[in-house]
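Please read the following report alongside the sequence and the coordinates.

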2 protein chains.
Amino acid sequence: MAVTILDIAKHLDLSVSTVSRALNGYGDVAKETRKRVEEAAKEFDYHPSDAARSLRQKRTNRVGLLIPSTIHYMGEFFSELIRGVTLALAESGSNLMLYTTTTDEVAQLTRICRAREVDGIILFSADKLDEAISFLKTESLPFVVLGHSINDPAVSFVASDNRGGMMAAMQHLLSSGHSRIAYLARYDQPRLHSQRLLSYQQALTEAGLEIDGDLVTSASIGTRTGYRAMNSLLDLPVLPTAVIAFNDQIAINALQAASERHVSVPDDLSIVGYNDIRSSLSTVPQLTTVRQPLSEMGKKAAEVLLSRVHDNDIPPIRTNLPAELIIRGSTSHV
Amino acid sequence: MAVTILDIAKHLDLSVSTVSRALNGYGDVAKETRKRVEEAAKEFDYHPSDAARSLRQKRTNRVGLLIPSTIHYMGEFFSELIRGVTLALAESGSNLMLYTTTTDEVAQLTRICRAREVDGIILFSADKLDEAISFLKTESLPFVVLGHSINDPAVSFVASDNRGGMMAAMQHLLSSGHSRIAYLARYDQPRLHSQRLLSYQQALTEAGLEIDGDLVTSASIGTRTGYRAMNSLLDLPVLPTAVIAFNDQIAINALQAASERHVSVPDDLSIVGYNDIRSSLSTVPQLTTVRQPLSEMGKKAAEVLLSRVHDNDIPPIRTNLPAELIIRGSTSHV
DNA sequence: TTGAAAGCGATACCAA
DNA sequence: TTGGTATCGCTTTCAA
């Protein structure tokens with residue numbers, strides 16, 4: 001058996017309550033006593049039982065991160081997010097529980113809430129987000145949505161400025177003389193997609209250009225997401241001169257498709273990615289992309305959540321971090 | 001307050017013990033009673049308190065995964081590993097705690113063990129692995145090492161066949177007529193590196209070739225790992241005709257460096273990666289690489305751990321999954 | 001087949 | 001400044 005507070009108490013001929021108070025830094029403990037307790041604790045490598053403490057205190061010092069089960073298609077994107085989350089948690093001494101969504105997301109959330117497995121939850125899953133949110137609103141478990149702007153003013157979220165990011169990309173291309181600009185979307189991400197699509201259309205309209213439905217198409221989820229869709233764009237009777245991809249991985253695969261068909265980037269075709277994952281520096285040419293501060297978003301989300309764990313009555317914190325266009329070699333003037 | 005077992009008991013005019021036994025599927029409960037209990041539990045969305053249950057049962061239904069804090073440099077590699085881990089855990093109803101290493105890894109492990117935060121731990125951290133292992137051997141917490149073959153026969157691990165994988169890559173290149181083969185290593189991964197180096201040297205020796213120290217160099221960790229190192233190889237007075245990279249990300253950056261210097265791959269230079277992450281399909285040309293079954297490794301590691309959690313007296317399970325050479329476009333005959 | 005009660009290992013209140 | 005004790009919510013003997 002592991003060493004318990006009772007072992008320490010017996011060894012020092014003290015009561016468990018005194019030991020507990022000494023260890024938890026209460027003021028009403030004799031200096032000398034505290035010292036003895038601390039030394040004994042260190043000597044025995046005593047750490048309080050997580051379960052016992054959680055039960056008594058009604059807090060677990062754990063927060064949950066719910067991610068889609070398709071994580072393996074999200075590679076770097078996910079790694080960078082999680083990096084930020086763990087950074088913020090480490091500072092506060094909290095631990096991270098990683099949940100991947102199951103088929104019944106609400107049932108899963110119900111269990112997590114009712115079993116009090118965590119103090120709060122970061123919702124990064126995209127499937128059934130509305131359902132998940134409306135369920136969590138009925139529970140008392142603090143939560144924050146990561147990666148999506150939520151309309152409901154009662155819900156905290158940390159996202160990035162999607163409309164602005166897409167607009168920046170469009171204006172970059174338009175001001176470089178492009179008029180036939182394709183958008184390689186991801187219809188299975190309807191929330192993000194619809195925002196980006198709006199900016200795409202708005203930018204075209206403001207520039208006095210027509211909107212050509214052929215130029216908007218969707219990459220499917222998968223290992224080489226965007227490869228086939230790019231090829232179909234390259235089959236159009238009148239080719240686009242620029243493509244904005246929904247994310248960097250799609251852009252990278254689009255680059256590959258173009259290269260295989262001897263379409264030169266950026267001379268014949270400009271390509272813009274989204275997110276600025278590390279790999280966007282590893283292509284030839286390097287990707288022009290809209291930087292989403294993934295790690296910062298993860299960090300901020302954890303911080304927001306922790307502040308709600310501390311006091312769930314504070315007003316919702318709703319943050320759109322700025323997205324920034326990073327111009328590199330994959331785009332050029334027409 | 002959340003609903004407890006007492007609420008159910010009161011509502012049905014039963015004792016908590018009966019309710020508990022009914023819910024846990026004990027045989028000695030009247031059929032009718034069990035039905036009533038189950039219905040009430042469903043009606044109230046009752047789930048037992050995780051903390052209370054853990055405290056009483058001395059198991060948490062949680063397993064830990066300890067990963068390096070440099071996760072953000074591991075992008076896809078990590079995502080694929082974790083995918084396998086979560087798959088296996090989901091099947092068993094266990095949850096995942098994700099720990100990133102702190103400066104004092106042993107102190108961190110001490111806390112995890114003594115606070116009984118998890119039922120077992122998957123060690124994926126590479127820094128101080130020996131220290132971590134020898135500490136965990138003194139504790140009763142089940143553990144398994146992921147990604148490294150451990151010599152100590154008492155330690156369970158799940159890795160892949162490093163020697164064989166590197167040997168396959170070398171033989172592929174040698175049989176394609178290459179004799180000036182560089183190895184773009186990662187010295188900060190000494191365990192994996194030394195195994196690969198051995199195979200590298202052995203293959204050269206068996207082929208009757210000399211070992212040229214200039215051809216072995218190290219990529220540093222970072223955003224564009226391998227880029228500078230590849231450039232330095234391209235500065236050698238006599239160029240290599242082939243390069244084996246420590247991982248795919250390095251290979252991808254090597255490809256970029258070669259491309260920028262107008263060294264054609266595979267015509268002037270063959271490049272071999274390692275791991276077969278999804279991005280190895282997204283380059284031009286696609287990467288020849290040694291496939292490490294990352295997701296399977298994660299899954300197997302979780303399974304091995306769970307079997308030890310169930311019974312820690314079973315003999316150590318030591319697994320090297322096969323590594324397989326995947327020949328694609330980045331290598332060719334001299 | 002059911003209920004009463006002990007106990008898991010802490011924290012926190014109240015008295016001394 | 002310290003100790004005794006109730007309590008958190010469950011599981012699990014032991015009796016009834």
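B:Leu123 has B:Val145 of E4(B) as its bridge partner, helices (H or I, at least four residues) and strands (E, at least two) being DSSP runs numbered from the N terminus. This is a predicted model, in which local features need pLDDT of at least 70 and side-chain atom pairs count only at pLDDT 80 or more, while totals for chains, interfaces and linings use all residues. Residues are numbered from 1 along each chain as its sequence is written, chains are lettered from A and ligands numbered from 1 in the order in which they are written, and side-chain values use heavy atoms, with hydrogens and water left out.

Strand E3 (residues 120-123) of chain B and E4(B) pair in the parallel sense over three bridges, where pairing requires that DSSP finds at least two bridges between two strands. E4(B) is also joined by two bridges to strand E5 (residues 157-160) of chain B, again running parallel, and there B:Leu146 stands opposite B:Val158. From strand E4 (residues 143-146) of chain B, B:Phe143 and B:Val145 point one way and B:Val144 and B:Leu146 the other way, yet all are buried, that is, under 20% relative accessible area with a 1.4 Å probe and protein chains only. E3(B), helix H7 (residues 129-138) of chain B and E4(B) make a right-handed β-α-β unit, meaning that, with the strands pointing away from the viewer, the path from the first strand over the helix to the second runs clockwise.

Sugar and phosphate account for 57% of the atoms of DNA strand C that come within 4 Å of the protein. H4(A) gives the most to the surface near DNA strand C, with five residues.

| Residue | Atom of DNA strand C | Distance |
|---|---|---|
| B:Thr18 | phosphate oxygen | 2.8 Å |
| B:Arg21 | base nitrogen | 2.9 Å |
| B:Arg56 | base nitrogen | 3.0 Å |

Chain A is divided into domain 1 (5-48), domain 2 (62-159 + 294-321) and domain 3 (162-292), with bounds that come from an automatic or database domain assignment. The C-alpha centres of domain 1 of chain A and domain 3 of chain A lie 62 Å apart.

Note on methods
A residue is near a molecule or strand if one of its heavy atoms lies within 4 Å of it. A polar contact is a pair of N or O atoms within 3.5 Å; within protein, one must be able to donate a hydrogen and the other to accept it, and residues adjacent in sequence count only if both atoms are side-chain atoms. Buried means under 20% relative accessible area, exposed over 50%, partly exposed in between (1.4 Å probe, protein chains only).
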